[in-house]
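User: I would like to go through this structure label by label. Please set each value against its cut-off.

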Amino acid sequence: MRKRDILFATLALFAAWEIAALVLNRDILPAPTEVLVAFATQVPRSLGWHFVVSAWRVVASIALSVLLATPAGLVLGQSEKLNRFFAPVIYLTYPIPKIVLLPIVLLFLGIGDASKIFIIFLILFFQVLVVVRDQAMALRPELLYSVRSLGAGRRALLRFVYLPATLPAVLTSVRLSIGTAVAVLFLTESFATNAGLGYYVIVDTFQRIAYPEMYAGVVAMSLLGLLLYFVVDYLERALCPYLFAK
């Protein structure tokens, strides 16, 4: 995605927001200029700290899920026996909406960072696991036979075949998971905590009817998701240069 396209899209969104604020003319929808002023004012005070707390929680969740789900998916994708054994477990547990487990997770892990990181990790883990497993299973047998015929062992297959073939799928699953992760983070931070963007939007500003500051929190949460998208794009170019070779 080119920076110029993102800039034009941002300006178009702000223009639509400005027009909607002028037409509605109510306090519940402040103009974007007013929100940007509140954003610049609040970042050095408390918004910046809440942003850092939320960023730490969502990055830790994504990193943990990728580090554990990727090797597990590769192993299941390579071993038909293991996949046959674990497939029923994944089939039963993957469709369960993990967010309903939040009260149970809070009981076991408390209201600190651990419970929030764990519930997001739980959701993302299965998404990455299923994508990597299916991608590893979909590799063409003749490709594996040709590499094996050159004397490649299991480690060489993993390094030169499975990882290059599954990395784009892993990054795509992470890219798709970012929106889910930020949404779940917002929900988990909206109660039983005193830090994070969810707390800032729902508890700190919404309950004080401080609408410009509340919208500034929404903008900060959107920026968090956007920054994570940029990081995944960067990783894709750094780890999968063969995708961009012309």
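**Labels and their cut-offs**

Analyst: Arg175 is buried, with a relative accessible area of 16%. This is a predicted model, where local features need pLDDT of at least 70, side-chain atom pairs count only at pLDDT 80 or more, and totals for chains, interfaces and linings use all residues. Residues are numbered from 1 along each chain as its sequence is written, and side-chain values use heavy atoms, with hydrogens and water left out.

User: Why is Arg175 called buried?

Analyst: Buried means under 20% relative accessible area, exposed over 50%, and partly exposed in between (1.4 Å probe, protein chains only). Arg175 has 16%, so the label is buried.

User: What makes Asp233 and Arg175 a salt bridge?

Analyst: A salt bridge needs a side-chain nitrogen of Lys or Arg within 4 Å of a carboxyl oxygen of Asp or Glu. Here the N to O distance is 3.0 Å, so the pair qualifies. Asp233 sits in helix H9 and Arg175 in helix H7, so the bridge ties together parts 58 residues apart in sequence. Helices are DSSP runs (H or I, at least four residues), numbered from the N terminus.

User: Which class does Asp233 fall in, by relative accessibility?

Analyst: Asp233 is at 26%, so it counts as partly exposed.

User: How do you know that Arg57 pairs with Asp113?

Analyst: Their closest N and O atoms are 2.8 Å apart. That is within 4 Å, so it is a salt bridge. Asp113 is in helix H5 and Arg57 in helix H2, 56 residues apart.

User: How many salt bridges does a search of the whole structure find?

Analyst: Seven.

User: How do you know that the span of H1 agrees with its length?

Analyst: The expected span is 1.5 Å times one less than the number of residues. H1 has 22 residues, so it should span 32 Å; its end C-alpha atoms are 31 Å apart, which agrees. Asn25 follows H1, with a positive phi near 55°.

Technical notes
Helix = DSSP H or I, 4+ residues; strand = E, 2+ residues; numbered from the N terminus.
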